[in-house]
Every structure is written in C-alpha cells, then in structure tokens.
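Dear colleague,

I am handing over a structure for you to examine. Please open it first, and then read the notes below beside it.

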Amino acid sequence: MTVLLNRPDLLEDPPARRGRPRLKAPRVLLHVALAVWGLASVLPLVWMVSASLQTNAEIYGGVHLIPKSPQWSNFVQAWQQSSFSDYFVNSVIYTVAVVAGTVFLASLSAYAFARMRFPGKRALYGALLVFLFIPIPGAFIPLYLVLAKLHLLDTQLGYILPMINGSLPVAMFILRAFFEQLPKELEEAAFIDGASRVQVFTKIAFPLARPAVATVVILTVLGVWNEYVLASVVFSNQALLPLQVGLLAFQGSYFSQYGLMMAATTITTLPIVIVYLLFQKNIIRGVMAGAVKG
Amino acid sequence: MSSPRVLAPAHREAPGPRRTVAGTPAPNRLAKRYSRARRIEMVTAYLFILPTLVLFLVFSVYPFVRTVELSFTSWDGLSSTFEQVGLDNYVAALQDSVWWGSMGNGVFLAVIALVFMQGLGLLLAVGVDRKMKGQTLYRTLFYLPPILSGIVVATIWKWLLEPNNGVINATLDSIGLGALAHPWLGDPSTALWAISLVSVWQGVGYPFLLFLAGLQGISGEIYEAARMDGATGRQIFVKITLPLLRPVIGIVSVLTFLGAMQTFNLVVAMTKGGPGYATEVPILHIYRSAFGPSPDFGYASALSIIFGVLLFGVSMISLYLSRRSGGEPS
C-alpha cells in the first residue's frame, strides 16, 4: 500500500524548524505527553524481552519486569527446537535475494525512465505506477495459480520473484525521483569523453544514487523480513519457511510456554530493530518521500 | 527531463520533421526516422526496463486478469476442469452473511483507525514539529511499532492480553481493579475492540510520520506573519495549519482506511477470526474461501473483486472530495 507525496526533497537534510507555533502550555507538559506515547511504543517490546528471560513458573507467578535470573537457555532452546534457526537462515536468504533483485531491476528501469528517451515511456511508467494505487486484496490467490503454472510453488524462486515484483514500484519511484534531480552535466561530460549509456549508468549515475539506493534497500529489507501472507501461500515445505510463518507455527506448538515463545519472538524482532536503529534516517526519509507501508 | 540536452549530440533527439510523426514507427521505417545513435539509445532503454516489465506482466497484470476470469467459474483450484457459472459467485457473495459480517468488522476497524490512529498521529506530529530537544528520539520511538511485523505484534499482545496471567489483567489485579480483568480476546464482545486497539498502537507512527512530512512542508514565514498579525496559537492551528494540511489528511485517511479494511496478519495471529466470527475480516474470509477445507477459487476471486471495487470506489470518492474541498495534494 503506497501513497506518493512526491517530495524527493525530503531525502535531503530537513530544513531547520523555524517559526513553528509557540506553545502557551509549559514545555514540560508537551514532553510529558510525548514521553507517555514514546514509552507506550516500547513497553510491549520491553515486556517481550523481559519474558524471554524468565522461566515459565516465573511468568505464571505474577508480573515483574526484571527476571530473577536471566534464562538465556530460552534462547538456546528456541533456536535449536522446531527448526527456528532454519527459518532465520531462510529469512536472511530471501531478504538478501529480494533486495539485490529489487535494487538491480529498479535502478535500471528508474534510470531509463528518468534519463532516456524512448517511445511509450510515459504510458509504461504510468502503467507500472497504477498498480501502486489500485488495492488488489487477495492478490495471493491468482499469484498462487501463476506460481503453480510455472512450477514455482514451494520453491525459493517462487517466493523471491513475486516479492521483487512487489517491491519494484516503490523502489522505482524513489530512484527515478533521485535520478531526475541529478545534475545532467556530469553525464554529459562523460558522453563527450566517449562513454556509452551503460558506462554512464554504472560508473556515474548509480554510484551517485547511493542515498536513494540505501533508502530502497532498507525499505525492502523491512518489507521482506516482515512478510507473512505470500510465504504462507507459497510454501508447504517446512524447511523453506521464513521467520514470520515459522513464528506462527512455533506459537502453535509451544502455546503455553511463554518464555520460549517470547525468546523466539525476540529473535524474530531483534534484527529488524537493529536495522531500524542504524538506518532510521533512511527509513523515515523514505517513508516521508514516497510513503510506503508494508 | 524535457530540457534540451546540450553538448551530447550522440543522444540528442532526431531533429526536424521526424519528431512530429506520432506513434511507434514500423521496424523497417526505424532507420529513416531515427539516427543510429537514437536507435541504440532506444534499444538500451528497452533493455533496461525489460526485466521489470516481464516481472510486472507475469506477477501483476496476468494475476489481475486471471482473478476476473476465475470469478465467473466454479474452479476449486485443484481439478483440471471447471465450469463457467456466470454471476453465480457474485450472487452467492451477496447472500453470504459471514462475508458481510467480515465487511462490517472491517468498517469497524477502519472507523476506529480513522478517529484514533489519525487523531493521535496528528497530535503527536504537531507536538514534535518544532525546534525542541529530543525530537529525533520521539520520532524514533513513535515509528518503532510500524516497522514490526503484524505477526510479532500479535504474538506479543496476545500474551499481554492473556486472560489468566497476561500483564494487562495481572496489572489490573495488582492495583485493585481485578474486577475489570477480562478475557479480552476470548469474549466476542471485546475481541474486535482489543484487535482494533492493538492495530492503533502499531499504526499511529505511520500517520504521525506523514503528517510530520506535511507540517514540515509549511513555511515558517506563514506562521511568523500570522503571529505578527496577532493570531493566537489556536487560531493559527485552525486557520493555517489544518487547511494547509488538508491534502495530506485526505491521502492519509485513504491509506488508513485501506490499511484497516485489509487487516489480516494481526487477526490471523491473535484470534483467527474468532470467537465464532466475531473478528472475521474480509481478507481472512477470502483466504479461507481459497485455501480452507473446501477450496473454491472461483468464489474467493469474486469476493476479491467485490472487495477491491468497493475499496477502490471509496478511495477515489474520498480523494475526489478532499481534493475539491482543499488544494491539490502536494
């Protein structure tokens, strides 16, 4: 689901906040209000980590945030049991493959749409973007049929290709906006020196687009790591499941063992939180510039 | 894009009358119409977009067309044959009370989201949109829940809401409000509320961020001018901020509506539509029709189309209305 605010300027550093309405109420009140929601936003995650380090008896014995003695064994057990480590590795494979494919395909097509002249350009770009706006609920049904026809059901490729396709429009939109605002002079100088289009793209335009590529990478990582429904449709082979589907299966088998379950949930969540904290600038700018939600 | 390319003769548009010919030329006339360099440029461009187009055709366009086709058949997704049944699936959908119940639940989730998710998002954005300490920290915290997967959020909250030893009931107990403790997800009268509040918790960061982007697009000079004219903070908000934010509010409302109506992961992982059909949502019903115990791809496709057309219609009407009453979306 996507909206295009069309504000590529937001990929740049934000302007200083000048002249905002001044507050009558004391600043403290504002901070208290904001802090309350800030706390509410992290508290469930804190509980998750806390419970992941408690024994079952401790969890059933009443509410307390600090574990008596941290049960790291929950993590060991969660990792080793019910192929959770396989799910994790699968998720990493899918994420890397989809990100690589998306960046490769989207940067090529975005560059062509931004910089090159060819008949049918506007119509093709319009057609690609239309699928951003039309909600297609239940798209997993026909996708399932297409994959069955191509004999790609229950294969890694059968998951990776539609996921790339799903990530492409937003990636293309962000990259095209970026390529369009690159100064043309750099490329023109290279043409005079006899460089070909492909060389100009690989040696000049693509390296310059690094900030936009970073944003695309991060948004795609979030999208793939968190994806559930397509994976649940494509895979029936347990050995191929990514984390989200695996986590739900895990929930089914260990439903009363909360310590274990929260350890598994923490393992699923931690990588994405780390990625977010490291690259939040790219994420936030990406969302604001070509707003995306997984 | 349309500015003339200087100094790059190799990539300049073919000059003169050739440009005025409309449409794609036949291959044998290409040589006459475009210079060699232009032809190389065109072929390169098509090669650049070809892989994207292939994926798009196979995984977006074809499935879309196929859904429409299937909705007029009685295919179960497995057998090699199926019958054309005309509008039967659509007629059956009209009489499917579980389906319309799930739509009602979707509308409930959407109304809660439009009021609370958007309202809170707007308040937080206005609060953060100023020169202040901790702005980045707040932004980081507020956007944390949206980056989590629905499955993870559901797993955590399902445990927090657990009737016997979940944190919420246990906390109520320990502060002497044990009478309020409740099997939140197990009681049909509270289950949908619980899901909608979890989805608001997770979703607030998204409208917050979009509203913040919108607010940051408003020039500080406008505020300064208004203040010079003696406008109060409240007047500024109502007379300046809100109207200028209107296009963004329009878009965010549509997105919030679409997102809430298509809630799926949270429900699958928290209640699976239960108890009974108390939390059944449209996508779950479509999913079950196709992959449930009695698979019916034809019927599921018809439900998809009905749902898609309704969502698209409502979105277009709201965008049209918000555009007419406000300015163009930024």
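The notes that follow describe the confidence of the model, its two chains, the contact between them and a few single residues.

Please bear in mind that this is a predicted model. It scores ipTM 0.86 and pTM 0.84. For chain B, the mean pLDDT is 83, and 88% of the residues reach 70 or more. Where pLDDT is low, the predicted coordinates should not be read in detail.

Chain A

Chain A holds 13 helices and 0 strands. Of its 294 residues, 48% count as buried. Among the contacts of chain A with a separation of 6 or more, 80% join residues 24 or more positions apart.

An unreviewed UniProt entry places the feature "transmembrane region" at six stretches of chain A, namely residues 28–49, 92–113, 125–147, 159–179, 212–235 and 255–279. Two of these stretches may be compared with the model. Residues 92–113 of chain A are 100% helix and 0% strand, and their end C-alpha atoms lie 31 Å apart. For residues 212–235 of chain A, the span is 83% helix and 0% strand, with 32 Å between the end C-alpha atoms.

Chain B

Chain B is divided into domain 1, residues 9–70, and domain 2, residues 98–325. The centres of these two domains of chain B, taken over C-alpha atoms, are separated by 42 Å.

Within chain B, Arg323(B) lies in helix H15, which covers residues 297–325. Although Arg323(B) and Pro247(B) are 76 residues apart in sequence, their C-alpha atoms are 6.7 Å apart in space. Arg323(B) is classed as partly exposed because 15 other C-beta atoms lie within 10 Å.

Where the chains meet

The contact between the chains takes 84 residues from chain A and 91 residues from chain B. On the side of chain A that touches chain B, helix H13 (residues 258–289) of chain A gives the largest share, with 12 residues. The residues on that side of chain A divide into 58 nonpolar, 15 polar and 11 charged.

The largest nonpolar core has 164 residues, of which Leu175(A) and Phe211(B) touch the most other members. Helix H7 (residues 156–181) of chain A supplies the largest share of this core, 15 residues. Leaving aside residues up to four places away in sequence, Leu175(A) touches Ala106(A), Ser107(A), Ala110(A), Ala209(A), Ala212(A) and Val216(A).

Two backbone angles

Most residues other than glycine have a negative phi, and most peptide bonds are trans. Asp154(A) is not a glycine, yet it has a positive phi of about 60 degrees. Asp154(A) is placed in the loop between helix H6 (140–149) and H7 of chain A. Lys272(B), also not a glycine, has a positive phi of about 50 degrees. Lys272(B) is found in the loop between helix H13 (265–270) and helix H14 (282–291) of chain B.

Are these two residues buried, partly exposed or exposed? Asp154(A) is partly exposed, because 15 other C-beta atoms lie within 10 Å. Lys272(B) counts as exposed, because it has 12 other C-beta atoms within 10 Å.

With kind regards

Methods
Residues are numbered from 1 along each chain as its sequence is written. Chains are lettered from A and ligands numbered from 1 in the order in which they are written. This is a predicted model: local features need pLDDT of at least 70, side-chain atom pairs count only at pLDDT 80 or more; totals for chains, interfaces and linings use all residues. Domain bounds come from an automatic or database domain assignment. Helices (H or I, at least four residues) and strands (E, at least two) are DSSP runs, numbered from the N terminus. A residue is buried if 20 or more other C-beta atoms lie within 10 Å of its own, exposed if 12 or fewer, and partly exposed in between; C-beta atoms are placed from the backbone. Two residues are in contact if their C-beta atoms, placed from the backbone, lie within 7 Å. Ala, Val, Leu, Ile, Met, Phe, Trp, Tyr, Cys and Pro count as nonpolar, Asp, Glu, Lys and Arg as charged, and the others, Gly among them, as polar. A nonpolar core is a set of buried Ala, Val, Leu, Ile, Met, Phe, Trp, Tyr and Cys residues joined through C-beta atoms within 7 Å. UniProt positions are given in the numbering used here, feature names are shortened, and annotations may be inferred rather than shown by experiment. pLDDT is the predictor's confidence in each residue, from 0 to 100.
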